[in-house]
Amino acid sequence: MKSIYSEMNEQTKEKIQSNFLQLLQKKHFMNITVRDLTTQAKINRGTFYLHYVDKYDLLAQMEDSLLDGLELHLQRIKPQDMLLVAQKGEIPTLSIEVFRYIQENAHLFEVFLGANNLSGFQKRLKQFFMNHFVQKMEQNREFFNHVTIPQDYFASFAISAFLGLIEQWLENNLTETPEEMANMYIQIIFFIKKI
């Protein structure tokens, strides 16, 4: 059971993060000051510094939290199982969950990938997927043993395709459901395999 103090701390952090996102939608990250943030959140500077070293630490913690949640969903995916299910005409549940997580956190992805945040989240997200994909390749060598191109090029192509799909979905205001996006991704993979 959480103490009142820890609940208040969480509420304060949520308030800071929410106001930071609002500012990041309007202003470039480099132009946002701690003063802007504390004024908008109606807190004093001391309260901000109890939770974060500076605005870079705030951004890093928020990005870390977003990627940690994504990692939980991706860790459970096994490529061979996913494609076996898809070959039966079904949409793999775990891949739907990845898109559902993105949908639930769409606002964060949109702001962090937006023009006002040039801190490198897009590059960080790509590296995150790259590390994860390479790890999956190494854990599932039998599944990937037919790949004859160098691992880094293969992974880079696959990740760019996946990121492009996510960015387009966000740009389309999440018109499609997570199920439709997972199905689309699987169809793209099968199409590429046929070429």
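**Entry 1**

I started at F20. Leaving aside neighbours within four places in sequence, I found F20 in contact (heavy atoms within 4.5 Å) with F29, I32, L37, L58, L59 and M62. The model is predicted: local features need pLDDT of at least 70, side-chain atom pairs count only at pLDDT 80 or more, and totals for chains, interfaces and linings use all residues. Residues are numbered from 1 along each chain as its sequence is written, and side-chain values use heavy atoms, with hydrogens and water left out.

Next I looked up the largest nonpolar core. A nonpolar core is a set of buried Ala, Val, Leu, Ile, Met, Phe, Trp, Tyr and Cys residues joined through side-chain atoms within 4.5 Å. Buried means under 20% relative accessible area, exposed over 50%, and partly exposed in between (1.4 Å probe, protein chains only). This core has 52 residues, and F20, L70, F109, F112, L125 and F129 touch the most other members. Helices α1, α2, α4, α6, α7, α8, α10 and α11 each supply at least two residues of this core. The largest share comes from α10, with nine residues.

**Entry 1: the chain as a whole**

I counted elements as DSSP runs numbered from the N terminus: helices are H or I, at least four residues, and strands are E, at least two. The protein chain has 11 helices and zero strands. Of its 195 residues, 39% are buried. I also checked contacts between residues at least 6 apart in sequence: 66% of them join residues at least 24 apart.

**Entry 2: helix α2**

Which residues of α2 are buried? I noted V34, L37, T38 and A41. They lie on the same side of α2, because they cover an arc of only 95° around the axis. The arc is that of the directions from the helix axis to the C-beta atoms. An α-helix has 3.6 residues a turn, so residues three or four places apart point the same way. R35 and T39 are exposed on the other side of α2. The cover over the buried residues includes α1, α3 (45-51) and α4.

**Entry 3: two positive phi values**

Most residues other than glycine have a negative phi. K42 is not a glycine, yet its phi is positive, about 60°. K42 sits in the loop between α2 and α3. K42 is exposed, with a relative accessible area of 71%. L174 is not a glycine either, and its phi is positive at about 55°. I placed L174 in the loop between α10 and α11.

I also looked at E171, in helix α10. E171 is exposed, at 61% relative accessible area.

A pocket, on a 1 Å grid over the protein atoms alone, is an open set of points where a 1.4 Å probe fits, with protein on both sides within 12 Å along at least five of seven lines; lining residues have an atom within 4 Å of a point. The second largest pocket holds about 210 Å³ of space. Its volume is the space filled by probe spheres set on the points, which are joined across faces, edges and corners. K13, Q17, L21, Q61, M62, S65, L66, Y101, N105 and L108 line this pocket. Helix α4 (55-75) gives the most to the lining, four residues.
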